[in-house]
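Thanks for coming. I have one structure to go through today, so please bring it up on your screens.

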Amino acid sequence: MITRERLVEITLVLLLAAVPIAAQLLNEPFYLTLATRVAILGLAAVGLNIALGLGGLVSFGHAAFFGVGGYVAGVLAIHAFNGTPMLLGLPGTKLMPFIWIVAILVSGLVALGIGALTLRTSGVYFIMITLAFAQMIYYFAISWPAYGGEDGLSFYVRNGFPGVDTLKPLPFLLICYALLALGLILFQVLRKSRFGAALQGARQNEVRVAATGISPYRIRLVAFVIWAMITGVAGALYADLNRFVSPAMLSWHMSGELIVLIVLGGVGRRFGPVVGAGLYVLLEYWLGGITERWQLFLGLMLLGVVLFARGGLIGLLAGKPRHG
Amino acid sequence: MSSALLVEQLLNGLQLGVMLYLMAAGLTLIFGVMGLINLAHGSLYMVGAFACAAVAAWTGSFFLALIGALIAAAAAGALMEILVIRRLYGRDHLDQVLATFALILVFSEATRWLFGPFPLYLDIPAILQGTVPLPGGSRYQIYRLAIIGVGIAVAIGLYLLISRTRLGMRIRAGESDREMIAALGVDIRTLYTVVFALGAGLAGLAGAMIGPLQSVQVGMGEPVLILAFVVIVIGGIGSNRGALIGAILVGVVDTMGRALLPGVLSGLLGPSAAATTGSSLASMLIYLVMVVILVFRPRGLFPAGS
């Protein structure tokens, strides 16, 4: 039987697929950029959905991983462009698959360090400490002049993918779609796995999970690292979209925006991140076109959602989750 | 580094610490009594600074402006509590974080709407202009000393308020058992509004006092808010004493690190490398301190209720 949620999801996939066609027919290549933004922010939010939706980890520091991924892309590209070696004499690269792997490794390592310390705490402490760590990386990026410091880092040519012309908007959009699809599949696989069950169990009742012999700390640490890796890849794509990275990608506003996305869409729902990203980008485009002060209205809307419509847009369209 | 410069930097650190205390005291009080994390506390700091600038421009008196800032921030806090925060007490932290993040967006845009995109500037009041000599031969701004004095006075006042008055007794009772004091006939809703307005007023006072030292602009509250979080994490959530000691520690370590690290490192790395490494390290220093403290004392230096 097709549930309402499945129906919403199918509609959403069709809508996303329709964007490139509509852009072609209406001759509006800007729509492609909008859809690419939706896919990238959606991917970052998928990572957050694993940690927050399944694991109940409320953090305010995930922009750190988004920014780290972005800086990996930027730094590798600049070194490849200039032909200068990096740390340990390694060369840079302008190939996306390598960049993604490095982004996954670096953000995973950073997350392992931060997670090992912050997951010893919980609740408000966890929120504040993840925020503080992200801020530490943010200030480091600002004060370290080698890669642009406060001004950020531009690389003029988008990185490449074998056999694909990434400079054109459409192929790049399709790459982002593919990665978003991979992220969503990973989310689904994790949710149904033993690991996902343990993670959700740790959210619902930590003591019971511990009593079955599973360490909630280790489960959460793994979730934290997976989350950071996905967010890091999204950050690398985001840098490639703009051909620019700056400390703004690391700032706590970015963390806030990503949480906003997922709450607008629906926390813990499979397509919540995508719905939220779509809604957010459309709001930014539409409200931002009407008024400079669109953030004021975004804030008021967000207040409305938090206080009165807690299921997000998917909750409104598809009803409550069947189990949770 | 000469001893005069050292004393000067120590005082600067103390002044930063006092400002952080005013922010952290409100945050930790609100968390201790209501169990609420308020990201929009930095917006109340900003409201204080803007109200101070507006009243000072209108009346020409900085002291009237300070009072105006206190009232404006406390009123904004009370309004915030009644309209939004009140609905969040029973909710989980995610809802609290989101709603108060939304409040930041609203406050920042509304302030930009009212006052325009350009920063405002405040003058140091005539009485507090000028400098006093320090041991070692350099001179120090009277205004900064005045800030330190106000901060210490507030710290003592808050301690007396919480430990010696009827309101303070209710606040302490609310921290330990809210159902019980409601059952004893205390109007807990009003008490929460009063506590929130008190915290807001302290944040507004901090924002107003910093106005003459920095420019008054949208977004000025956010760096201070994050430092105040570090202070609370170090000091222990819900502890007034922890907030004071954590704030002074963070203020002094941050200021001294920025002043001393490049000099210390230049012996090892050479002057130009030391300048960049030193400034990067200095900007991370307080977070490193926080990590070390967390490893040994996961609930902060002075955990509440111990």
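I will take chain A by itself, then its interface with chain B.

A word on conventions. This is a predicted model, where local features need pLDDT of at least 70 and side-chain atom pairs count only at pLDDT 80 or more, while totals for chains, interfaces and linings use all residues. Residues are numbered from 1 along each chain as its sequence is written, chains are lettered from A and ligands numbered from 1 in the order written, and side-chain values use heavy atoms, with hydrogens and water left out.

Chain A has 13 helices and two strands, taken as DSSP runs, H or I of at least four residues and E of at least two, numbered from the N terminus. Its radius of gyration, over C-alpha atoms, is 19 Å, close to the 20 Å of the globule rule (2.2 Å times the number of residues to the power 0.38) for 324 residues, so chain A is as compact as a globular protein of that length. The C-alpha trace spans about 55 × 50 × 40 Å along its principal axes.

Now the interface. Contact here means heavy atoms within 4.5 Å, and 49 residues of chain B are in contact with 41 of chain A. The two chains bury about 4200 Å² between them, 80% of it on carbon and sulfur atoms; that is accessible area (1.4 Å probe) lost on being put together, summed over both.

Between the chains there is one salt bridge, meaning a side-chain nitrogen of Lys or Arg within 4 Å of a carboxyl oxygen of Asp or Glu. Glu109(B) pairs with Arg293(A) in a salt bridge, the closest N and O atoms 3.8 Å apart. On chain B's side, helices H4 (93–115), H9 (221–235) and H11 (271–296) each give two or more residues. H4(B) gives the largest share, 16 residues.
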